[in-house]
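Please read them with the coordinates open.

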Amino acid sequence: MIDDLSAAARACFPDSYDTARAAFLAIPADLARSYPCPVAGPDGQPLFTDAAWIGEADAPEVLVVLSAVHGVEGYCGSGVQQDLAKVFQPRPGQALLLVHAVNPYGFAWDRRVTQEGCDLNRNFVDFAAGAPANPGYAAIADFLLPPALDDASLARAEAGLAAYRAEVGERAFQIARKSGQYSDPRGMFFGGFGPSAAQDALDAIAADFDLAGRRFVTVIDLHTGLGPYGYGEVQSENDPASRSHALALDFIGASLTSPEQGTSFSVPINGSLQLFWERLRGDGRYVYLCLEFGTYDQEASRVAYRLDHWHHAYGGGDPHSETGRAARTAMRRQFYPEDQDWKEMVLFRSRQIAVQALSGMEALRA
Ligand SMILES: [Zn+2]
């Protein structure tokens, strides 16, 4: 097992969006589709979200695995997809649908956001009904992203954040910072003024592969950056009283966490992808699992975000300038530890959750 995992960990993970995509397109799929992104990569190359279906076309149960909803997190997610494509053993009635680079701009540019500056995992709110309020965000926006990064400005910003943190407590601080804000497109965790173009590819994939019509769909949405190094936390974003949450618990067991219930490393967030599946399938007809792999600590991630956002808000955004390269390197390192032990942990846990999801759907047939 360990020999197999070690070899897979050495072979599966890509070193760029371009090599990740080439490897993904080489997966022997039964059906494959590509969806162009409206913007180009940092070297002018065209970008795509790609889909590969493995199994019978009319399989009533589908395991959907998503990578790079948060762009730069796609180094990990793409590697996991390569591995799952190799180890997946189709069971009767089941198929695997791999969706590569849900946010191809972010992956190619080493950013977490979309081309709209949008956190795609905060973008699925009902904009017609009005975006959620996040009053805490305004109090810390200029501290999270100061207009200048000289020592005095940074010291002022850190002092402001420390004072806010001391005043409201850690959980309220993280909610203000990370739950999603719908007012400041240059700022962090911006949920958008409307649906990102990245949603179009998901809509098209749902239609092309009839994801509304299948008997059951389970989604594994691959993320990195939160929690202990190498651990894969499986979060349910559903209401804890919902049928889909109960099913997720049946599938995964005691390791399932819930931001709503305070058992997750994540605070509750607005506008996550869970809402996409809820609208498409309805409660009890799907399970949505956010599989989040820990990397480095939260304070380090805040520093990487700050450099990336500052560069695009105030620094011109050139991906090849000195600051642009520094921001890309910092973001990539924060969301993709290129260590053999980390990669082995990621692949072990991903296989485990995929098997639990397939077995869980099978058990529902009775
Ligand atoms: Zn993420």
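What covers the buried residues of helix 2? The points below start there. Keep in mind throughout that this is a predicted model.

1. **Cover of helix 2.** The cover includes strand 1 (31–36), strand 2 (48–54), helix 3, strand 4 (94–100) and helix 4. The buried residues in helix 2 (residues 17–25) are Tyr17, Ala20, Arg21 and Phe24. Viewed down the helix axis, these buried residues fall within an arc of 95°, so they line one face of helix 2.

2. **Start of helix 2.** Look at serine 16 here. One of its side-chain oxygens comes to within 3.3 Å of the backbone nitrogen of aspartate 18, at the start of helix 2.

3. **Aspartate 50.** This residue belongs to strand 2. Aspartate 50 has a relative accessible area of 0%, so it is buried. What does its side chain make polar contacts with? One partner is the side chain of arginine 21, at 2.7 Å. Another is the side chain of serine 34, at 2.6 Å. Arginine 21 is itself among the buried residues of helix 2. Setting aside neighbours within four places in sequence, aspartate 50 is in contact with Arg21, Phe24, Leu25, Arg33, Ser34, Leu98, Val99 and His100.

4. **Aromatic pairs.** How many aromatic pairs does the count come to? The count is 16. One of them joins tyrosine 75 and phenylalanine 107, edge-to-face, with 5.2 Å centre to centre and 70° between the planes. Tyrosine 75 lies in helix 3 (residues 74–87) and phenylalanine 107 in helix 4 (residues 104–108), so this pair ties together parts 32 residues apart in sequence. Tyrosine 75 is buried, at 3% relative accessibility. Phenylalanine 107 is buried too, at 0%.

5. Phenylalanine 189 and tyrosine 305 pair edge-to-face, at 5.3 Å centre to centre with 80° between the planes. Phenylalanine 189 sits in the loop between helix 7 (170–178) and helix 8 (198–208), and tyrosine 305 sits in helix 11 (residues 298–313), so the pair ties together parts 116 residues apart in sequence. Are these two residues buried or exposed? Both phenylalanine 189 and tyrosine 305 are buried.

6. **Ring cluster and a charge over a ring.** Ring pairs join Phe13, Tyr17, Tyr75, Phe107, Tyr336 and Trp342 into a cluster. Elsewhere, arginine 333 places its charged end over the ring of tyrosine 296, 4.3 Å from the ring centre.

7. **Helix 7.** Its buried residues are Phe173, Gln174, Ala176, Arg177 and Lys178. They cover an arc of only 165° around the axis, which puts them on the same side of helix 7. What do they pack against? The answer is helix 5 (135–144), helix 6 (151–168), strand 5 and helix 11. Glycine 180 follows helix 7 and has a positive phi, near 115°.

8. **Cysteines.** A search of the whole structure finds 0 disulfides. Cysteine 12 is in none, and the nearest cysteine sulfur, that of cysteine 76, is 11 Å away. Cysteine 12 counts as buried, at 6% relative accessibility. Cysteine 290 is also in no disulfide; for this residue too the nearest cysteine sulfur is that of cysteine 76, 11 Å away. Cysteine 290 is buried, with a relative accessible area of 2%.

9. Most residues other than glycine have a negative phi. Alanine 101 has a positive one, near 60°. Alanine 101 lies in the loop between strand 4 and helix 4, and at 0% relative accessibility it counts as buried. Aspartate 210 also has a positive phi, near 45°. Its place is the loop between helix 8 and strand 5 (216–229). Aspartate 210 counts as partly exposed, at 41% relative accessibility. Please check both residues in the model.

How values were computed. Residues numbered from 1 in each chain as written. Heavy atoms only, no water. Phe/Tyr/Trp six-rings, centres within 6.5 Å; stacked < 30°, edge-to-face > 60°. Helix = DSSP H or I, 4+ residues; strand = E, 2+ residues; numbered from the N terminus. Buried < 20%, exposed > 50% of the residue type's maximum accessible area, 1.4 Å probe, protein only. Lys NZ or Arg CZ within 6 Å of the ring centre and 35° of its normal. Arc of directions from axis to C-beta. Contact = heavy atoms within 4.5 Å. Polar contact = N/O pair within 3.5 Å; in protein donor to acceptor, adjacent residues only side chain to side chain. Disulfide = S-S within 2.5 Å.
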